[in-house]
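Subject: A structure to look through

Dear colleague,

Please find below the structure that I promised to pass on to you. Once you have had a look at the sequence and the model, read on for what was found there.

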Amino acid sequence: MIKPGSIAIVGAAETTELGKIPHLSEIGLHADAALNAMKDAGLGPKDIDGIACVGLSRPQMISHYLGLTPKWVDGTGIGGCSFMLHVRHAAAAIHAGYCSTVLITHGESGRSRIATMPRPPEPGTLAGQFEMPFSGRYDPPTLFPMPVLRYMKTYGVTHEQLAMVPVIQREWAAKNPRALYRDPITVEDVLNSRMIAYPFRILQCCLVTDGGGALILTSAERAKDFPQRPVYILGTGESLESPIVSQMEDYTSSRAFRVAGAEAFRMAGIKHADVDHLMIYDAFAHLPLFGLEDLGFVERGAAAQFIWERNTAPGGKLPLNTNGGGLSYTHTGMYGMFALQESVRQLRGTAPAQVPGVEVSVCHGVGGMFAASGTVVMSNERP
Amino acid sequence: MSATNRPRPQPTPETEHFWEGTRAGELRLQRCVECGGKPYFPPRPFCPHCGSRAVEVFRASGRARLYSYVIDPRPAPGFEPPYSIAVVELEEGPRMMTNIVDCPQTPEALQLDMPLEVAFTKLDDEITLPLFRPATEAPR
């Protein structure tokens, strides 16, 4: 078993711009982020010998575009948490000696939609046969919130409580100049905003933006020679559940979250009380609730009240989604890369909404509509 | 609901029996003949619980309860907004995505756990969709 802290993130950057980027296609966003990350690490294309990415841009396309000669490749594509899995797989590959320096890239023209991922599934897939004919637009706002009413009924969660999630995240976004939405909002604003798919209104749905990000990983032994403070990988986890949300086992809890989270905590050898900073992929307002419960930070059904009581807000005991999250910062379609970037910034001490004294950050991602999950536990101290 | 120009499912060899069933006015599920016969869905030619290929197709009751849903107020081809997109739990256990018809598309009318029955809706000569409506007879 790989020891906690054996592998480190030594390069991390997002695209130069976020939001609307009409002058770059998807592959251009990958490249912009990759060049920024290589600059951050003081490396060039010849220093990279492993590549992982997801999207319409497959690894062979990114590798060629950037002029790489990789001897390790990972094209794992399971949606927005693919990057958490790339980190996990890259750590294993470096540990095994398959390669020494891995570049992980993300680029997505989610808003401008220039040469980016096509949306509708094939009509002969399970999604095409057993969900698309019933779901109208077959887009994330109609599918992802499908479990919400069952969750609310099971635990007695109110619309007001669910409206508090974007309110608190906007408080974090207000501290972040790169966040797309920064103006304060209230529970009343959320409940009066435009209905997208009952029970969710537009302020409970993520942004749709262009952007990207990239990470560079190497061994902890080499990490101290890089310009940035290393961010050590303590533990990782991954899992899958159902590719179609109608077949999710339990509408009040994600099995993939529970499996990935528990494995990452076990590998890292940490307890919940050790966690100083938390990122939970928030494509929609219910995801932080599922994440808090399925990762074990609170009891099942207790997350909404936990957020309501400001435990995850600025000044709270468990700072959550401190970049503003997918709800206020940015969301290209596969947001997991941006959650990882914020964990790295917090651990480097360079986040716009810096939490004092962060030593351990947990970053938890979802792929598809609860179809997949990946968790990464990181620290700026090598155990 | 004018369903004819909806996204059309493409049956595959593994699912053909299901779509033959809806054409014939039957909701067909599968179950294992080796490991206890727990019904499953979506269709596949083996048991997802034990991996056995010894499975059989059977006719489900068509009775269900409303498990969860959203109401989409936005226009989409083949749908008249606002429309519910629902997941129902069949009496036999499996869940499926569908729409609730013959019912106001409001949170007040659409109560979780309300009893439902299948309402077959023809798209064309090949495809009939299993939609659901509030049950007209008391659940057993």
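Two strands are said to pair if DSSP finds at least two bridges between them, and the strands themselves (E, at least two residues), like the helices (H or I, at least four residues), are DSSP runs numbered from the N terminus. With that in hand, A:S239 stands opposite A:S373 in β11(A), and the two strands concerned, β8 (residues 231–240) and β11 (residues 372–379) of chain A, pair in the antiparallel sense over 8 bridges.

Before going further, please keep in mind that this is a predicted model, in which local features need pLDDT of at least 70 and side-chain atom pairs count only at pLDDT 80 or more, while totals for chains, interfaces and linings use all residues. Residues are numbered from 1 along each chain as its sequence is written, and chains are lettered from A and ligands numbered from 1 in the order in which they are written.

The sheet in chain A is open and is formed by 9 strands in the order β3-β2-β4-β7-β1-β8-β11-β10-β9, with mixed pairing. At its edges stand β3 (72–74) and β9 (277–280) of chain A, and because each has a single partner strand, one side of each is left without a neighbour in the sheet.

As for chain A as a whole, it holds 14 helices and 11 strands, and its C-alpha trace spans about 55 × 45 × 40 Å along the principal axes. Buried residues, meaning those with 20 or more other C-beta atoms (placed from the backbone) within 10 Å of their own, make up 62% of the 383 residues in chain A.

One residue that deserves a visit is A:L18, which lies in the loop between β1 (7–14) and α1 (26–41) of chain A. Is A:L18 buried or exposed? A:L18 is buried, because 22 other C-beta atoms lie within 10 Å. Leaving aside its neighbours within four places in sequence, A:L18 is in contact (C-beta atoms, placed from the backbone, within 7 Å) with A:R178, A:T209, A:G211 and A:T330. Of these, A:G211 is 193 residues away from A:L18 in sequence, yet their C-alpha atoms are 5.0 Å apart in space.

Finally, there is the contact between the two chains, which takes 30 residues from chain B and 27 residues from chain A. On the side of chain B that touches chain A, the largest share, 6 residues, comes from β3(B).

With best wishes

Notes: A residue is buried if 20 or more other C-beta atoms lie within 10 Å of its own, exposed if 12 or fewer, and partly exposed in between; C-beta atoms are placed from the backbone.
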